[in-house]
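Subject: Structure handover

Hello,

I am passing a structure on to you. Please have it open while you read the notes below.

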Amino acid sequence: MALDNGPVHGREALAELAGERVDHRFKGLPPDAYGLTLAELAGQRRNLFTDGFATPVLALSAERLEHNLRLMETYAARHGLAFAPHGKTSMAPQLFHRQIEHGAWGITLAVPHQVWVARAFGIGRIFLANELVDAAALRRLAAELDADPEFRFVCYVDSVRGVELMDAALTAAGAARPVDVVVELGAGEGARTGARTEADCAAVADAVAGTRTLRLAGVAGYEGEVPDADPERVHAWLRRLVALAVDFDKAGRFDGTGLEEIVLSAGGSAWFDAVADVFAEVPGLSLPVLKLLRSGAYVSHDDGHYREVTPFNRVPAEGALEPAFRLWTQVVSRPSAEQAFANAGKRDAAYDLDLPFAQVVRTADGGPERPAAGIAVSGLSDQHAWLRTGPEAELEVGDWVGLGLSHPCTSFDKWQLIPVAEADGTVVDYIRTFF
C-alpha cells in the first residue's frame, strides 16, 4: 500500500523524528541524556565540549550548513537552473526539507530504498539517477504514483532491455499513471552508465514510445564521468546532451504525450559551472525546458576532495562553499614524541578519498581551540587514528583533536545521528540519517 505522502505527512514524520529517544544506537551523545527525546535534548542547548558528549563525535556547523544552503540556492537562481540536490549524500530527510525550503525543485536519489525514505518524509518530487528495473520496486512505485496525483517521479532509461523490463513490471502491476523517463546519454567509452551513442539513445526513445507505461520526459546524464575530464571535454559532452534534447524535440518525440516541460538534467559537484554555461545556450524548444542541476555534496562540502574540485575555485566571484563537518576524537595514547593515537577510526571517518586532516586541538577540560600544528593523520585502524607528531606538536592524552573530512557521502553514512553545533559549541539540532 502506498504511503500518505505530501507536505502535511512530511511535517508529521519530521515531528516524529524529534520525538525519538536517545539511547545506545547513537554514537557520541551524552550518556546522561539517555531517555530524553531529541527535541528535549536540543532544547537543553548543551555544549559539545563541556556538557557530556563523548568522543568520537561528528558535528555539523550550524552556520556553515546554512551558508552552503543559501549559496547554492542563489547560484541556481542566478543561472536559471532548477535544483534537485542528490540526496544520497546525506540521506537526511531534515536536510531534504531544508534544501527544498531553500528553493530546490525536489531531491535526486540513486536506489529504490532511498526513494521510500524520501516518500516516508513527504518528498513530492524525486529524480532517480538510475535505470529502475526491479519488478518489486516498480510495483511499489506504481502504487505510489497512482495513490498520489501530485507525486512527480522521473528516472533514467539507457537500454531497450531496461525499457522492456520496466514495461513488463508496470503492466503486471496494473499501473494507471505512466512513469516519466529520461534517456541517459553516457559520458563516453569506459564511463559509467548511459547509452553510448545518439543512435543508441534514439533506439531507447523508440522503445519508450512503444509502451503504455512509460513516457519520454527528456534527456540526462552525468558529466562527472567524462573520461579525462577537463573544461573542454566536459563542455563538449554537455553540448552533445543539449543537442540530443533538440534532436528529440525536432523529431516530435515529445508531441502528444501530455508533457508540460522537457527535462534536461546533469550536474555533479565538480562541474556545475560547465552545466550552467552550456544550459544557458539551450535554444527554444516546443515546450519549456526544466534545466535540472543535481549537485549534492555542497550541503556539507568537505576539507579534501570537494574543496579541491569545487567549481567555485574557477568562479570565485560567485562565492565559496564552506566545509561544515568536524569529527572530534580524543587522544588515548601518546607512546612517543613522534606518535599518538586517537579513538576515531574507519568506523567513524570517511577514508575512501583522503585520510582525515588534523585541524585543531582542545584540552580535555574544554579549553580554547588551538591549531593542530605538527599533527597529521597517517593512517586509520577500525577504531584508531594514527597521528604523526612533529617537534612543535602540543598534544597529550585526553586532548580532543578536531578532524576535517574528505567526501561527504561516506561521512554521513557512518553516523545515524549528527549534532548541529553553533560556533561556540552550542548544539541546536540533531540530524537523523537513513542509510
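This is a predicted model: local features need pLDDT of at least 70, side-chain atom pairs count only at pLDDT 80 or more; totals for chains, interfaces and linings use all residues.

Nonpolar cores

The largest nonpolar core has 125 residues. Within this core, Phe127, Phe153 and Val179 have the most contacts. The element that gives the most to the core is helix H9, residues 231-250, with 9 residues. There is also a second, separate core of 19 residues, which includes Leu41, Leu48, Phe49 and Trp400.

Leaving aside residues up to four places away in sequence, Val179 touches Leu141, Leu145, Phe153, Cys155, Met166, Leu170, Thr213, Leu214 and Arg215. Phe153, one of these neighbours, is itself among the residues with the most contacts inside the largest core.

Aromatic pairs

The structure holds 12 aromatic pairs. Two of them share Phe49, and I describe those here.

In the pair of Phe49 and Trp328, the ring centres are 4.9 Å apart and the planes stand at 80 degrees, so the pair is edge-to-face. Planes over 60 degrees apart count that way. The two residues come from distant parts of the chain, 279 residues apart. Phe49 is in the loop between helix H2 (38-44) and strand E1 (57-61), while Trp328 is in strand E10 (residues 325-336).

Are these two residues buried or exposed? Buried means under 20% relative accessible area. Phe49 has 12% relative accessibility and therefore counts as buried. Trp328 has 2%, so Trp328 counts as buried too.

The other pair is Phe49 and Trp400, with ring centres 6.0 Å apart and planes at 70 degrees, so this pair is edge-to-face as well. Trp400 lies in strand E16 (residues 400-404) and Phe49 in the loop between H2 and E1, so the pair ties together parts that are 351 residues apart in sequence. Both Phe49 and Trp400 are buried. Phe49, Trp328 and Trp400 form one aromatic cluster.

Charges over rings

The charged end of Arg119 sits over the ring of Phe151, at 3.7 Å from the ring centre. In the other case, the charged end of Arg140 sits over the ring of Trp116, at 4.4 Å from the centre.

Helix H4

Helix H4 covers residues 93-101. Its buried residues are Pro93, Gln94, Leu95, Phe96, His97 and Gln99. Just after H4 comes Gly103, which takes a positive phi of about 95 degrees.

Pocket and cavities

The largest pocket holds about 700 Å³ of space. It is lined by 33 residues, and those closest to the pocket centre are His86, Lys88, Arg192, Tyr222 and Gly268. Strand E4 (125-131) and helix H11 (305-309) each supply at least two residues of the lining. H11 gives the most to the lining, with 3 residues.

The largest cavity has a volume of about 50 Å³. Which residues line the largest cavity? They are Ser269, Phe272, Ser295, Ala297, Tyr298, His301, Tyr306, Thr310, Pro311 and Leu321.

Regards

Methods: Residues are numbered from 1 along each chain as its sequence is written. Side-chain values use heavy atoms; hydrogens and water are left out. Buried means under 20% relative accessible area, exposed over 50%, partly exposed in between (1.4 Å probe, protein chains only). Helices (H or I, at least four residues) and strands (E, at least two) are DSSP runs, numbered from the N terminus. A nonpolar core is a set of buried Ala, Val, Leu, Ile, Met, Phe, Trp, Tyr and Cys residues joined through side-chain atoms within 4.5 Å. Contact means heavy atoms within 4.5 Å. Rings of Phe, Tyr and Trp (its six-membered ring) pair if their centres lie within 6.5 Å; planes under 30 degrees apart count as stacked, over 60 as edge-to-face and the rest as tilted. A charge sits over a ring if NZ of Lys or CZ of Arg is within 6 Å of the ring centre and within 35 degrees of the ring normal. On a 1 Å grid over the protein atoms alone, a cavity is a set of points where a 1.4 Å probe fits but cannot get out, and a pocket is an open set with protein on both sides within 12 Å along at least five of seven lines; lining residues have an atom within 4 Å of a point. Grid points are joined across faces, edges and corners, and a volume is the space filled by probe spheres set on the points.
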